[in-house]
Amino acid sequence: MNFGIIYNEPSEVYHATDCVGSHRLDDLTPHPVLYFRRWVAKTIPPEDSTPAMAFGSYFHTLALEGEDAVKSRYVVAPRCDRRTTDGKARYASFLAESGGKTVVTDDDMTLAWRMVQAIREKPSAVKLLAQGKPEVTFRQQMASFAIQSRVDWYDDTAKDSPMLIDVKTVDSLAAFDAHFFKFNYFRQAAFYRLVVAKVLGLETFQPQFCYIVVEKNEPFQCAIRIPDAESLAIGTKEVMAALHRLKTCFDGNDWPGEPDEARP
């Protein structure tokens with residue numbers, strides 16, 4: 001397993017490590033026993049990929065890595081009625097010739113291209129993606145465990161300090177502010193900045209961070225959103241507390257659950 005800045009690390013390699021990422025920290029709440037069973041003992045099976053997750057991966061590949069990357073990993077399924085004998089045979093032949101690539105639908109391809117077009121029509125987004133690299137891994141060994149983050153876009157030529165860019169898809173731009181808190185984006189942003197700062201030897205607050213947000217529906221708008229200083233400060237405080245709690249659990253091999261006491 002490599003440490004530091006890693007370019008071109010396959011997604012499956014990244015997710016197969018035992019390193020601590022931002023999403024894993026969520027399993028410490030409310031009780032660390034969930035983290036232990038899912039990520040240490042591994043008695044809880046991994047969550048199955050949902051259609052939304054699969055589309056998100058396909059869209060990110062197309063938007064950030066380009067058509068060549070898409071062609072090397074994905075294949076578009078033919079439109080055929082698999083309820084018929086002819087349709088079943090045609091689809092079986094398609095799968096046999098797909099070379100193990102991930103299958104996407106024609107509708108998914110059309111939608112992804114429309115969203116990519118929205119990014120390309122936004123001058124501020126085009127400017128942000130003019131320099132840098134996609135899907136960059138940062139990994140750092142800590143005292144009791146390793147931490148890692150996979151940044152959608154990393155630009156080390158940005159003025160003042162490195163720029164970290166996360167691409168988010170939403171049904172409408174109006175929903176993003178609610179998602180920012182509901183899905184702990186503020187904590188995720190703080191974690192990414194922390195890991196990158198550790199790898200680069202910077203102060204925690206130095207890496208810049210912003211979102212490129214794209215709608216999945218008409219009118220397919222694209223917007224740039226920047227986490228405010230207060231949100232990042234709160235996120236950093238929560239991340240540091242979670243990492244300290246995780247270290248305590250690892251060092252003492254103690255993963256408490258719900259206390260054995262009644263409470264109102």
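Predicted model: local features only at pLDDT ≥ 70, side-chain atom pairs only at ≥ 80, totals over all residues.
**A walk from the sheet to its helices**

Strand β4 covers residues 133-141 and strand β5 covers residues 146-155; the two run antiparallel and are joined by eight bridges.

Now step back to the whole sheet. Strands of a sheet pair through backbone hydrogen bonds, either parallel or antiparallel. Here six strands make an open sheet with mixed pairing, and the order across it is β1-β4-β5-β6-β7-β8. At the edges stand β1 (4-6) and β8 (222-225); each has a single partner strand, so one side of each is left without a neighbour in the sheet. From one strand to the next, the twist averages 35°.

Next, look at the helices that lie across these strands. Helix α10 (residues 185-200) lies across β1, β4, β5, β6 and β7, and runs at about 95° to β5. Helix α4 lies across β4, β5, β6 (163-170) and β7 (208-215), with an angle of about 110° to β4.

Stay with α4 for the last stop. This helix (residues 51-65) packs with helix α7 (residues 106-120) at an angle of about 45°, their axes being 10 Å apart. The two helices are therefore oblique to each other, and α4 passes α7 in a right-handed crossing. Which residues in α4 meet α7? They are Phe55, Tyr58, Phe59, Leu62 and Ala63, and on the α7 side you will find Asp108, Met109, Leu111, Ala112, Trp113, Met115, Val116 and Ile119. Sorted by class, this contact of α4 with α7 has twelve nonpolar residues, one charged residue and no polar ones.

Key: Residues numbered from 1 in each chain as written. Heavy atoms only, no water. Axes fitted to C-alpha atoms, helices over the stretch in contact; angles between N-to-C directions. Helix = DSSP H or I, 4+ residues; strand = E, 2+ residues; numbered from the N terminus. Parallel < 35°, antiparallel > 145°, perpendicular 65-115°, else oblique. Left-handed = near helix turned anticlockwise from the far one by under 90°. Contact = heavy atoms within 4.5 Å. Nonpolar A, V, L, I, M, F, W, Y, C, P; charged D, E, K, R; others polar. Pairing = 2+ DSSP bridges.
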